[in-house]
Amino acid sequence: MAEAGGPLAGIRVVEAATLAAGPMVGTALGEFGAEVIKVEQPGIGDPMRTWGNRKDGVGLVWKSVARNKRCVTLDLGHEKGQELFHRLLAVSDVLVVGNRPSALLRWGIDYESVHERHPRLVMLHVSGYGRGGPKSDRPGYGTLAEAMSGFAHVTGQPDGPPTLPPFMLADGVASLAATYAVVMALYHRDVHGGGGQLIDVNLIEPLARLIESSTLSYDQLGVCPGRVGNRLDASAPRNAYRTADDKWLAISSASPNIARRVYRAIDRPELAENRDYVDPVRRQERALEVDALVAGWVGKRSLEDAMAVFEAAEVTAAPVYDARQLLADEHLRARGSFVEVDDPDLGRVTVQAPVAKLTETPGRVEHLGRDLGADNDAVFGDLLALAPDRLAALRAARTI
């Protein structure tokens, strides 16, 4: 039987970060039972509330990233706001921040100050450049990390410019690294009897880790890999191929057995017995030739016909989906990859379900992002036991 509250039930997270990486950590923890309290600036809120595509003025990405969170407002620039913030930290397990170190110090929520007052609190600081180093207090966004990590340098066509992704890649990758680090820190505290600690994650290093082959090649061979389009030096054929009906499919052939299947599927069975076209190193030396053979075969067939041949031959191929096709895919629908949630602002909304599927403690989407300050009374009044007149005074002073 699934655990009612989720595997992180009993963990309280204070999310004081804005935009993408830090809030995405709160999203992941909240999906699996943690109580996430999102703290926003009164009257302003997280810029993600209006970021990207909007419907009736409501940011669509915000609605999903802020799922399952309680939303409160608190001005950390006011002394009373800082006092109230520390009262909230005193009854919490995790603090997520994303501001520059100088701002945290100014507000009295730098790690040293927080750890002194709340020694069992796990503090996650996700920033553009991380602590230490000459750039630590510079403002930074995911775009800069996608450039500095080496990602943009190796992405795109050989004769084209460095290519930046049209989505929150660096923030998303950093949030994954930060999420598992939070869980490790909580395990250290609660299982091994340790105290709280600081988790320092910047936006550059997690993405750079994924393309470590570039730095290894330079370190050991003196070679800086450049842009090669859709090719991959460990796989041939490997590309996106246009079909006769102007659609696209992708193929990856990292292993010799898959390459043999591709040759047989495109009516070139003799290549499946030729070491020059099967051996990984020799095959890579002929990558452009192999690529042209596959492109020529695919270009004469519709997507449906080409995929039927590849699926029958157990070739590792897949259609290139747009959003409509992604939502309609029968395999993903069978897995419950997307769920429909009722929202008071948008009505019925289809959002990505929690990615990891745990058999005993599954994640869930209880509600989407709430209005600015929607939970002020519940958090400050009920949780922190502030009297109604005190809440009224804080509102009048615009502290909350």
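A nonpolar core here means a set of buried Ala, Val, Leu, Ile, Met, Phe, Trp, Tyr and Cys residues joined through side-chain atoms within 4.5 Å. I keep in mind that this is a predicted model.

**Entry 1: the cores.** I looked up the largest nonpolar core and found 33 residues in it. The members that touch the most other members are V13, L29, A34, V94, L124, V182 and I199. Next I checked which elements give two or more residues to this core: helix 1 (21-31), strand 6 (94-97), strand 7 (122-127), helix 8 (169-190) and strand 8 (198-202). Helix 8 supplies the largest share, nine residues.

**Entry 2: one residue up close.** Which residues is L29 in contact with, leaving aside its neighbours within four places in sequence? I get L8, V13, A34, T179, V182 and V183. I also noted another core lying apart from the largest one; this one has 28 residues, including A16, V39, V97 and V379.

Entry 3: I then turned to an open sheet of three strands, ordered 9-10-11 with antiparallel pairing.

**Entry 4: pairing and packing.** Strand 10 (residues 248-252) pairs with strand 11 over three bridges, and L249 has P319 in strand 11 as its bridge partner. Helix 14 (residues 287-298) lies across strands 9 and 10, at about 30° to strand 9. Helix 15 (residues 303-312) packs on the sheet too, touching strand 10 and strand 11, and its direction makes about 20° with that of strand 10.

Terms used. Residues numbered from 1 in each chain as written. Predicted model: local features only at pLDDT ≥ 70, side-chain atom pairs only at ≥ 80, totals over all residues. Heavy atoms only, no water. Buried < 20%, exposed > 50% of the residue type's maximum accessible area, 1.4 Å probe, protein only. Helix = DSSP H or I, 4+ residues; strand = E, 2+ residues; numbered from the N terminus. Contact = heavy atoms within 4.5 Å. Pairing = 2+ DSSP bridges. Axes fitted to C-alpha atoms, helices over the stretch in contact; angles between N-to-C directions.
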